[in-house]
Amino acid sequence: MKNTTLKALIFDVDGTMADTERDGHRIAFNAAFDEYGIDWHWDVELYGKLLAVTGGKERMRYCASDLLGSDNLPENFDELVPELHAAKTRHYTELLAGGAIPLRPGVERLINEALAKGLRLAVATTTTPENVTALLRHTLGNDALKWFEVIAAGDIVPAKKPAGDIYDYALKAMSLSPEQCLAFEDSRNGILSSQAAGLTTLITINDYTRNDDFSGAAIVLNHLGEADQPFNVLAGNAHGHSLVDCELLAKIHAEHSVTA
Ligand code: XBP
Ligand code: MG
């Protein structure tokens with residue numbers, strides 16, 4: 001019999017904890033392109049297409065090879081990508097430091113409740129580790145870095161989402177099985193990754209992901225909900241709740257637990 005008590009929550013960051021893509025990462029990429037004299041501007045629509053590929057360095061290479069082509073790029077573009085990406089990370093963390101991106105509804109509330117109830121917390125994301133620490137620090141305060149037992153991020157695994165490797169890494173680091181955890185995601189690539197690692201997954205959609213295929217999700221919501229801002233259920237069973245709290249998580253976990 002597997003141990004199926006709920007022990008930990010594993011959060012994706014971009015799009016799940018905060019709406020970082022359109023007004024955060026996208027702006028920072030464009031600032032880096034300007035800084036390096038690269039004749040690219042990723043508008044809101046184009047960026048939606050670029051989100052097909054996770055990881056900033058991978059996304060720039062995908063843009064050059066599959067979307068905008070490399071005609072106007074410096075000859076050494078491929079070698080320049082890591083440096084360009086470091087500049088993008090600097091712009092992005094500066095944006096976060098300026099308070100540009102708040103957490104999504106219900107995220108802080110749920111984290112606080114989970115901690116109070118003894119659930120363990122982790123992060124599994126493709127974004128650069130500095131971006132995660134900057135977001136946590138500037139939204140929840142410096143102490144928040146200690147609340148997350150594992151921050152699995154960026155190049156720590158070679159294969160980014162949709163591969164399950166980043167979740168496998170987080171589970172291994174916590175010595176937990178997937179049956180003991182729940183994952184929080186916002187995108188198709190995200191749920192492919194969490195499901196590849198065997199995790200029951202809750203989805204909160206955003207403007208870029210609302211039409212994604214979330215087959216197999218335990219529940220699909222517009223956000224986690226607050227007392228004065230109930231969530232909308234797009235798929236799945238909310239068991240009569242109007243916000244995601246530990247009680248609802250226990251019900252979802254029990255509903256999706258596999259005992260073998
Ligand atoms: C997030 C991403 C990230 C960010 C950029 O995907 O795709 O690549 O857009 O971050 P997910 P970096 O939410 O599925 O983890 O530029 O630091 O790579
Ligand atoms: Mg995401």
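The model on screen is predicted, with local features needing pLDDT of at least 70 and side-chain atom pairs counting only at pLDDT 80 or more, while totals for chains, interfaces and linings use all residues. Residues are numbered from 1 along each chain as its sequence is written, and side-chain values use heavy atoms, with hydrogens and water left out.

Next, keep phenylalanine 29 and select Phe33, Trp40, Trp42, Tyr47, Phe77 and Tyr208, which together with Phe29 form one aromatic cluster. Rings of Phe, Tyr and Trp (its six-membered ring) pair if their centres lie within 6.5 Å, and planes under 30 degrees apart count as stacked, over 60 as edge-to-face and the rest as tilted; by this rule there are 10 aromatic pairs. Phenylalanine 29 and tryptophan 42 form a tilted pair, because their centres are 4.8 Å apart and their planes stand at 45 degrees. Phenylalanine 29 belongs to helix 1 (residues 21–35) and tryptophan 42 to the loop between helix 1 and helix 2 (44–50), so the pair ties together parts 13 residues apart in sequence; helices (H or I, at least four residues) and strands (E, at least two) are DSSP runs, numbered from the N terminus. Tryptophan 40 and phenylalanine 77 make an edge-to-face pair, 5.4 Å centre to centre with 70 degrees between the planes, and both residues are buried, that is, under 20% relative accessible area, with exposed meaning over 50% and partly exposed in between (1.4 Å probe, protein chains only).

Of its 40 residues, Leu9, Phe11, Met17, Phe184, Val244 and Leu249 touch the most other members, and helix 6 gives the largest share, five residues. Centre on leucine 249, whose contacts (heavy atoms within 4.5 Å) beyond its neighbours within four places in sequence include Leu6, Leu110 and Leu202.

Finally, select cysteine 181, which is buried at 1% relative accessibility and in no disulfide, the nearest cysteine sulfur being that of cysteine 246, 14 Å away. The structure holds zero disulfides (pairs of cysteine sulfur atoms within 2.5 Å).

Definitions and conventions. Chains lettered and ligands numbered in written order. Core = buried A, V, L, I, M, F, W, Y, C linked by side-chain atoms within 4.5 Å.
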